[in-house]
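Here is a short tour for anyone new to reading protein structures. Have a look at the picture first, then follow along below.

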Amino acid sequence: MNNSARLNYDAFTTLLEQHNMVVTAAEVHGVICGLIGGGMARDDVRWQQHFNDLLNDGFGLPAELKKAVNLLFNRVYDDLLDQTRFELLLPDDEEPLDDRLDAMMEWAGAFLAGFGVVQQELNKASAELQEMIQDISSITQISGEFEQEDEESEAAFVVLYEHLKLGATLAFEEFGKGSPKPEQPTLH
């Protein structure tokens with residue numbers, strides 16, 4: 001949860017509104033993370049059709065928005081490769097907890113949708129990732145659990161946030177195409 005994520009969240013929110021999109025920046029980011037975590041390779045252009053199917057009723061995006069989504073896809077891919085930079089695209093920490101929680105639930109649902117489109121063989125995932133996917137599914141339904149905006153609720157939000165980051169990272173490690181290939185021994 002950092003300031004650069006806020007700038008991107010606000011910019012994406014504005015861009016989506018300008019193009020009359022009925023999805024949120026959190027959903028855009030979640031679907032992209034799910035597609036990549038499910039195994040969509042960086043150079044596999046099919047991700048764009050999956051994205052359009054999930055978030056725009058199968059229609060293509062206007063040029064400006066398509067460019068921004070492509071840039072976000074590449075940034076997410078890079079951030080997942082370099083796990084220290086990966087952050088969820090959610091409203092800033094100064095926004096009301098309810099708004100951030102709603103965005104988190106949207107992100108989680110969108111992640112599962114993107115992941116499910118690409119990764120049809122969850123049974124081949126590690127037990128840890130299978131459990132993580134179940135946890136992410138549970139996060140999509142937690143809204144009533146944060147009745148007060150206090151330190152305890154804030155701490156619980158941070159725990160869920162970190163859990164989602166871990167889930168996306170774990171999915172990428174297991175199914176993502178960005179994992180470095182083991183070096184082949186040199187034959188002399």
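## Salt bridges

Searching the whole structure turns up nine salt bridges. Keep in mind as you read that this is a predicted model.

Let's start with Asp-44 and Arg-46. These two form a salt bridge, and their closest N and O atoms are 2.5 Å apart. Arg-46 has 53% relative accessibility, so Arg-46 counts as exposed.

Now look at helix H4, which covers residues 63-81. The side chains of Arg-75 and Asp-79 meet in a salt bridge there, at 3.4 Å from N to O. Why are these two separated by about one helical turn? It's because Arg-75 and Asp-79 sit four residues apart in H4. Arg-75 is partly exposed at 33% relative accessibility, while Asp-79 is buried at 8%.

Another salt bridge brings together the side chains of Arg-85 and Asp-82, this time at 3.6 Å from N to O. Arg-85 is partly exposed, with a relative accessible area of 42%, and Asp-82 is partly exposed too, at 30% relative accessibility. Through salt bridges that share partners, Arg-75, Asp-79, Asp-82 and Arg-85 are joined into one network.

Next up is helix H2, residues 25-38. H2 has 14 residues and reaches 20 Å from its first C-alpha to its last, close to the 20 Å you'd expect at 1.5 Å a residue. How many of its residues are buried? The count is 13 of 14, so H2 is mostly covered. Just after H2 comes Gly-39, which takes a positive phi of about 120°.

Helix H5 spans residues 97-118, which makes 22 residues. From first C-alpha to last, H5 reaches 32 Å, and that is close to the expected 32 Å at 1.5 Å a residue. The buried residues of H5 include Leu-97, Leu-101, Met-104, Met-105, Trp-107, Phe-111 and Phe-115. Arg-100 and Gly-114 of H5 are buried as well.

## Where H6 meets H7

Helix H6 (residues 127-139) packs against H7 at an angle of about 140°, and their axes are 10 Å apart. Roughly antiparallel would need an angle over 145 degrees, so H6 and H7 are described as oblique to each other. H6 passes H7 in a left-handed crossing. On the H6 side, the contact is made by Glu-128, Leu-129, Met-132, Asp-135, Ile-136 and Ile-139.

To finish, let's zoom in on Thr-169, which lies in helix H7 (residues 151-175). Thr-169 counts as buried because its relative accessibility is 10%. Which residues does Thr-169 touch, leaving out those up to four places away in sequence? The answer is Leu-80, Gln-83 and Phe-86.

Definitions and conventions:
Residues are numbered from 1 along each chain as its sequence is written. This is a predicted model: local features need pLDDT of at least 70, side-chain atom pairs count only at pLDDT 80 or more; totals for chains, interfaces and linings use all residues. Side-chain values use heavy atoms; hydrogens and water are left out. Buried means under 20% relative accessible area, exposed over 50%, partly exposed in between (1.4 Å probe, protein chains only). Contact means heavy atoms within 4.5 Å. The expected span of a helix is 1.5 Å times one less than its number of residues. A salt bridge is a side-chain nitrogen of Lys or Arg within 4 Å of a carboxyl oxygen of Asp or Glu. Axes are lines fitted to C-alpha atoms, for helices over the stretch in contact, and angles run from 0 to 180 degrees between N-to-C directions. Angles under 35 degrees count as roughly parallel, over 145 as roughly antiparallel, 65 to 115 as roughly perpendicular and the rest as oblique. A crossing is left-handed if the near helix is turned anticlockwise from the far one by less than a right angle, and right-handed if clockwise.
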